[in-house]
Structure formats: C-alpha cells, structure tokens
Amino acid sequence: MALTIVLSCVAVLLGTSALAVAGARSSLTSFFVYGVALAAGACALGAAGAMLVIAPGSAQTAQLPIGLPWLGAHFRLDALAALFLVVINLGSFTSSLYGLGYGRHESSPGRVLPFFPAFLAGMNLVVLADDAFTFLLTWEFMSLTSWALVMAHHRERDNARAGYIYLIMASFGTLALLLTFGLLAGPNGGYAFDAIRATTPSAGLSAAVLTLALIGAGSKAGLVPLHVWLPLAHPAAPSHVSALMSGVMTKVAVYGFVRIVFDLLGPPQWWWGAVVLTLGGISAVLGVLYALMQHDLKRLLAYHTVENIGIIFIGLGLALAFRANDMRAAAALALTAALFHVFNHSVFKSLLFFGAGAVLGATGERDMEHLGGLIHRMPLTAIAFLAGSTAISALPPFNGFVSEWLTFQAILLSPQLPQWLLKFIVPAAGAMLALSAALAAGCFVKAFGATFLGRPRRSVAQNAQETDAWSLAAMFILVLLCLVAGILPGYFIDALAPVTQLLLDARLAPQAQLRWLTIVPIAASRSSYNGLLLFVLVAAAGWLGAYVIHRWASHALRRAAAWDCGFPDARPVTQYTAGSFAQPIRRVFGGFAFRAHEQVYIPPPGQIQPAQFHLSMRDLVWDVLYAPIEGVVNFAADRLNQVQSWTIRAYLTMVFGSVVLLLMVLAVWH
Amino acid sequence: MALIHDALVQLAQLLLMLALAPLLTGYIRKVKAYLLRRQGPPLLQPYRDLLKLLRKEAVLADNASWVFRTAPYLIFATTLIAAALVPTFATGLLFSPAADLIAIVALLGTARFALALAGLDVGTSFGGIGASREMMIASLAEPAMLMIVFTLSLLAGSTQLSSVAVFVQGPTIGLRVSLAMALVALIMVAIAENSRIPVDNPATHLELTMIHEAMILEYSGRHLAVIEVAASLKLLLYFSLIACMFLPWGIASANGDLAAFAIGLVSYVTKLAMGGFLLAVFETATAKMRVFRVSDFLGAALMLGLLATLLLFVSQAA
C-alpha cells in the first residue's frame, strides 16, 4: 500500500515535470509545480512515516515492466527505505512550501521548474530501487537533474565551473557504483538485490566492493577527499534546491552506502570500521575548518555538510566495527546515532539554507562581510536561523546534541573492541568529533553574528525586508522539528529501531515509555539524557530569574549610544567582520590545515601609504590530489591535440597500424 | 516520600550553589589581596555589588536587539542548571538522570554560545574581539573537557557524575596515571573556562587583553549582575566538579541522614576553601600569557586528555 502511494507520487512528480516544460512561460506554473510537489511530498511522507510506525517489520515489493526487458524494474520498501523516504519527503515537502514563496522571485523559472519535481522523483526512486540496474539509473537521473538545477543560473560567475566539476565528480562516482554492483552481481549477472544478498563474496572481493562503495557513495555525500565539488555546486543552485542537495541528496548517498555495505555485502571485517571511522573523523574536522574560513554564507553551510557527513560516517564506522566483533547491541547504538544524525542534519541543514535563501532574496548578498544587523530587519528569519545554528552546533536542548551524544556513548563502549588499531582510532575519532562540535559552535557564532547581529555594513542590509509567509512557514516547521526531536528524542529513537533490527538484528531498548521520557541507550547507571526536563528547567530558571529581578529589583531601561570603552565609532567598518572573527582560529589551526600565511605591512612612521594585510591559504586536498590529475589530463589533451593537425597520409597510416595491432592482439589471445 | 526527600536535597544543593558562588569569588579576591599585602574588599562585597547592580537601571546600546537582552537570563539559567547537576555535599541528585557529564559540558557550551552572540550584538570592536577569542579558546577547551569526561567515564563505566563520584570513593580505583593526567588537564581547562590568569584576567579592563570582560563590556545594571552571578556560578561549578570527581571523600549518598549531610557540607566547604586558596596563590604567582600562547596551553590539556583516554583504551584488553 505505502509503496503504491509513493510510486504514484513519483509518477505525479514526473508528470508535473513534463507539464512544467510545456508551461514554463506561464506565471501560474511556479505555483502549480510547487503546489503539486508539496502535495506529493506530504502524501509520500505520510505513507512512509505510517509504514515506519505501524508495520515496520514488513517489506513491500513491486515490479514494473520498464528498464531492461529481461529484468524489469524492481522496487522494494522496507524499514531502511521507509526511513530515508521520510527524510527525503520531509525535505521535499518543506522545500516545496518554501519554493511557493521563494520561487516567485526566480529569474529563470524555465530552468528550475521542470527539473525540481524530477529531482524529487529521482531521489525517491533511488531509495526504492531493488535491483542494481534501477538503482544506477535512478541515481544517475538524480545526479543529472540536480546538475541541471545547479546550472540554472549558469551565467553567474563561477557557476559554470561548479557545474562542470560536479558533473565530472558525479560521473566518476556513478562509475565507481557501477563497478561496485558489477562485482557484487558476479559473473552470473544476478542484478536483483535479492540475488546479491544471497551470495557471500570472498574477502578480497568485499574489500574491493567497500572501497568502490566508499568512492561512489562518498563522493556524492561529500566525504573528504571527494568533497571538492560539494561546496561549489550546492551554493550555486537556488536556495531551496541547495537545501535539498545539502540536506537530502547527501542522505541518499548515505543510504546508498548503508544499503550496499550493511545490507548487500554480507558480514563485515573489523578493518572496514577503521577505514570508515578515519574518513569520517577527517571529514568532520576538515569540513568545519573549511567552513570557518568562508565568508560566503551558503558556501559555509555547504562545508558544514561535509562536517556532518563525517559525523554520520563516524557512527557508521563504529557500527561496522562493533558488528564485525559481534557486539550487536553496541552496533545498534552506533547505527541509531548515525541514522538519527541523518534525520537531524536533514532538518537543520534545510532550515539553515532556507534562512540563507531568505537573506539572499532580501539583500541579494551571500557575502557575510556585506551584511549585518539583519535581526532588526528580518526578525523572524533571524529566530529561525538562530534555532538552526544552535541545533547544528550540537547544543542542548536542540536535536543535533542528541545524536552526537549517542555517538559519544557508542564511542565509550568501544574499549571492548579487541583490535589494536581500533583502540587507537576510536578515541582519536572521539576527539575529532568533540573538536568539530566545538569548532562548529564557533563557526555559527560567526555566521549568525556577522549576518544578523551588529550594524549593517552595506545599504542592502540596511534596507532588507522580511521574507514572505510561505518561506517563514517552511522554516518554522523545521524549527519546531529541531526542538521536538531535541526534547523528545525517545520517540525518534524508537522509530529507528526497526531499521537497526533489519540491518543488525538488534535494537535499542524501547525509550518512549521510560519515566519522564528520559533516554537510556544502554543502562540507567551508565548514562541517560532528558532533553525535555533540561528544557523545562532552563526555561523555568531563566523565566523565574527574569521575573524576580523585574518584580523586585529594577525594570528600568534606558537606550543610549554604545559604550565601547569610551570611544564609540559609528562607522560599521569598525565592527569585527567574519574574517576577523575567524582569525584566532585560523592562527591556531590554519597553519597546519591550509598552510595559511599572513603578511602584514605597516608603513614606517612619516609615510602615508596605507597598511596592507595579505592572507594566503592553500587547499591541500586540491593541491595534492586534484591538481596532479588536472595536470595529467591537460598534458594528455595537449599531446592528443597535435593529432588534429596531421596530414591525411599520417591518419591513414595510423588507422592501418591500429588494425594490424588489433589483429595481432587477437591472434595472440587465441 | 522519597521523591520529596530527593527534591529537597536537590533544591538545597541548587540554592547552596547560588548562595555560595559570590562568596567564593569574594574569598579568592580576599586571598589574592592578602598575598599582595593589601587589605582587600570585604568577603561580602560581591553580594553588595550584585544588589547595587540589580537596583540600577539598565543602559542598552541603541541598536541592541532582543538577543542582547535575553542572553543574560539564558546564560544564568543554563549555568545554574548545569551547576545544579553537579553534586556538592550529596550524590544521587534528583535531576541527575536528566543530564550526564557530556550534557553538562554542552549546557555550558550553550551559555558560551549565547554570551558570544551577545558580544557581537551591538557591533562594537571590543565585543567582537572578546567573542572571537572566546570561541577560539572554547574550540580547544571543550574537546579537552570531553576527553577528560571520556577518561573518567571509561574508568567508572558511566558518564553520570554521581556514579563517577561513587566509583572514585570505592575500593577498586587505586592510583592511576590516567586519572592524574585527567586531573591536570581538568585544572587547565577550568582555568581557561573561567577566564583566570594565565589565560585571561578577571580583573582587567586593559583593552587588548580582555576576553570575557570584552564580551560583557556593553552590559550594565541587572543584566551585568546576572552575568556576574553566572560567571561566579561557573567558577563554583568547576570547583565542585573537581571536588566531586577527584576528591569525593566526605560526600554523602542520596539517602544519607542529616549527620552525613552535615559532614558532606563541611568537607565541601573545606575543599572549596582549599581550592580557592590554591587558585589565588597560583594566580598571584603567574603572569598572563599572550593570547596566541593560549592555544599551546590548551592544546597541551587536549593532548593530556587524549593520552589519558588512549591509555585506558589500550589497557582494557578484551
């Protein structure tokens, strides 16, 4: 039933996409497309959510006579797929709602509207696919539609390059996945997931599959060092599409990884966990350090996606390590933490991108150095963005803290792991997780402070207007979800239990019935957390303090010029900028991570030329990994280019030579 | 009945924290003054300062937003709740299941987040300098703190503070290298988190060296009073944390009788007096370091914490 509903929603979305091509010139099309996407998202969300809550153990299958004639297209909806459907359709519901308002200002609707529902349909189909062919086809469909959306404003500076790099990386990732499924299916070509599940690959083969799956899914998710396209492409798209790409599409990639490694590949080796943990830890720290160095609001958010994907992969790596050692309860805890973070990140990242989109729509600026003081002009957007910032910085009582807390609890279970390598890697990953959480808080103080607080740095920020009601509605739905998932995490953890049951054959104890809605992942004597109680206590203490002081002490208030140690300067340039805010952190970490180098020139006394400050930073991942590849490709292209100007005789000689060579190869072969 | 008893003990500890916090600050100031052969302000001066501030009108910068006005109360509330979760004279607090050590660290993180935002709100250069440096310090102090938490919880098999205290009191603990390293790291973190010398100077208003004071430069009246209370509470919290995790002797159990509570209270106050004295001596004997040396100081704390955790991971063979 649920599967049929979701598939019908997908069909409706694809139909809408076709209609939008025809009616791209009409002004009503925008309203129609987002309206239909909103309805389809709501239906699919309801169906998948109901499936996850009511009948989580069951699985529904369907087969459609499309695709390869002897294979058809297999679809299957189980608990894992249902969970990710909830994430996808929650994102598509809110971004369609947001699009109803935001899309009206779209300068080239013909480039956005047809692809938007197709992109949503593609993501839904990836999660439902039950054979390798359908999976790869829909995966590529998802990539291409999102690429088209990235290229919607292709005339803007840097967008064409972003799209180009995205296209290359997406093709590369799909190639890796193609080989993954080729290896999994074996020589007999059993491409249905059922057939793949039934066979157990050899150790060498599964190592190759893991590597390829990490490359294929990791490049889409933005795992370091395959992340380079992400901070270019995600910000280039319209903001509600950025939200979908960062908040949701990266989760589809996580789904791909979980499906292949946890479900299809068979029992894991312990070192898989070590590899995944290392990559996750590096992504978490490098992602947030990159983010700290940005002053483009949307790019900052995109780098934070890299960080959060790292956190998710830390959880997945722990789950693999535990499962390889047959510690199923601990594995269930780690996987629950990772999946809960998947949900949480999709919620707060969409929220933050919506906020950034509202700022972009109101001011036309993404550069934080030109903004400031927006809390006075856009008070509601500011509240929503602040809530999202608190959630992503893993601060209680919001949801980001709960999933990181669960990850920490899983790390604290890992001294029992027998392998020596893991004993070193797991605490290091724990330290990296702690470091990234602390740095994320610094980064969002910077982002919120530079954008919304202080005084406006440009006239665009001074004259900004609050965004429209649709966008605000979308943002506040997500704010509410951030808070609810943070203070009532027990219900969400229980909803994840069927997934861990499916993948690991173990689950956390039911949480929702516990006294006072406390969550107790392992045992009450070990650790527990109660977001609701904390929230109520903090709210009560704050309110009581304020009430007592206002009632009995003083409530007089006077407005005056800022004090600023007696020398206030009214010019907004005297404020701390985003760049100066990050400077101490850059001093501490940047020398190591970016080879950051500052040069200050202060003219000697008596000379009147201005002082100069020059900062150079290098992206080491790009320099080490990508620049050499680029160099090789350019070198080869230059050499091949000379072929173009050969004479006809030379061409004929080459053709003849090639034929002779091939014949010789054939002769030797037999 | 048991619930009422627990609630009373919890309330008593919360109020004790609130009442003692300014006294501890005043006490440390007094000891420091004696060490410098000054008379120093009376012990109760912080209370008088607070009352005076509370009764004055608050002056707000023209472009201050609601963030600036609500932040003090949020900082106060989160710090107070975090402090209420740390056992003082008795373990087994009523609210203890609501938050373990990791959550207490995160609650303090929420308070810091609010304070840094408030520092940026008015848009002055000093607010920015303070917020920026505070977040740099936090980016190292918070992971170091979590590594210390890891060390203790790996030993005690629990992240609950009460369980840790009971475990350290117990017979199985023995002398451990990890614990020593964690203690040193915790003291370093506590110094940084509470803006004490050598990281920051609580008495300074010299512009370029301020961190904490720079963030709260624009505050006045009741807002300033609330922030000052929160700062003293945080100092008391770290003292209580060290006392509870490393010197839990004398602390009463949750279902103890009045005599046990009295012993717990006396030993708690004694520990505070000793700790405050040591801090005052240390602060008088050290010079403040340059801001960019702080990263070395805290990096050492982080490495100590990580090393302590690693040692425990390695020594727990399966």
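How many residues of chain A are in contact with chain B, and how many of chain B with chain A? In this predicted model, 75 residues of chain A are in contact with 77 residues of chain B. The model scores ipTM 0.96 and pTM 0.95.

- Several elements of chain A each supply at least two residues to the side that touches chain B: helix H15 (374–377), helix H17 (399–412), helix H18 (420–452), helix H22 (531–553), strand E3 (557–560) and helix H23 (578–593).
- Of these elements, H18(A) gives the most, with 15 residues.
- By residue type, the side of chain A that touches chain B divides into 46 nonpolar, 22 polar and seven charged residues.
- Strand pairing also crosses between the chains: E3(A) pairs with strand E1 (residues 58–61) of chain B in the parallel sense, over four bridges.
- Within this pairing, Arg558(A) stands opposite Val59(B) of E1(B).

**Chain A as a whole**

- The secondary structure of chain A consists of 25 helices and five strands.
- The radius of gyration of chain A is 26 Å, which agrees with the value near 26 Å that a compact globule of 670 residues would have.
- Along the principal axes, the C-alpha atoms of chain A fill a box of roughly 95 × 70 × 60 Å.
- Buried residues account for 58% of the 670 residues of chain A.
- Among contacts in chain A with a separation of 6 or more, 80% join residues 24 or more positions apart.

**Domains of chain A**

- The domain assignment divides chain A into domain 1 (1–201 + 225–266) and domain 2 (267–551).
- The centres of domain 1 and domain 2 of chain A, taken over C-alpha atoms, are separated by 24 Å.
- Contact between the domains involves 38 residues of domain 1 of chain A and 40 residues of domain 2 of chain A.
- On the side of domain 1 of chain A that touches domain 2 of chain A, two or more residues come from each of helix H2 (28–54), helix H3 (79–102), helix H10 (230–236) and helix H11 (239–264) of chain A.
- The residues on that side of domain 1 of chain A comprise 20 nonpolar, 15 polar and three charged.

**Chain B as a whole**

- The average pLDDT of chain B is 91, and 99% of its residues score at least 70.
- Chain B has 11 helices and one strand, and from the N terminus on its elements run α-α-β-α-α-α-α-α-α-α-α-α.
- Chain B is as compact as a globular protein of its length, because its radius of gyration of 19 Å is close to the 20 Å that the globule rule gives for 318 residues.
- The C-alpha atoms of chain B fill a box of roughly 60 × 45 × 45 Å along the principal axes.
- Of the 318 residues in chain B, 60% are buried.
- Residues 24 or more positions apart make up 80% of the contacts in chain B with a separation of 6 or more.

**Helix H6 of chain B**

- In helix H6 (residues 161–169) of chain B, the buried residues include Leu161(B), Ser162(B), Ser163(B), Val164(B), Ala165(B) and Val168(B).
- The buried residues of H6(B) pack against helix H4 (101–121), helix H5 (125–156) and helix H9 (221–246) of chain B.

**Ser389 of chain A**

- Ser389(A) is located in helix H16 (residues 379–392) of chain A.
- Ser389(A) counts as buried because 29 other C-beta atoms lie within 10 Å, the cut-off for burial being 20 or more.
- Not counting residues up to four places away in sequence, Ser389(A) touches Phe444(A), Ala447(A) and Phe448(A).
- Ser389(A) and Ala440(A) are 51 residues apart along the chain, and their C-alpha atoms are separated by 9.0 Å.

**Met181 of chain B**

- Met181(B) belongs to helix H7 (residues 177–193) of chain B.
- With 22 other C-beta atoms within 10 Å, Met181(B) is buried.
- Leaving aside neighbours within four places in sequence, Met181(B) is in contact with Leu304(B), Leu307(B) and Ala308(B).
- Met181(B) and Leu306(B) lie 125 residues apart in sequence and 9.5 Å apart in space, C-alpha to C-alpha.

Notes: Residues numbered from 1 in each chain as written. Chains lettered and ligands numbered in written order. Predicted model: local features only at pLDDT ≥ 70, side-chain atom pairs only at ≥ 80, totals over all residues. Domains from an automatic or database assignment. Contact = placed C-beta atoms within 7 Å. Nonpolar A, V, L, I, M, F, W, Y, C, P; charged D, E, K, R; others polar. Pairing = 2+ DSSP bridges. pLDDT = per-residue confidence, 0-100. Buried ≥ 20, exposed ≤ 12 C-beta atoms within 10 Å, placed from the backbone. Rg over C-alpha atoms; globule rule 2.2 N^0.38 Å.
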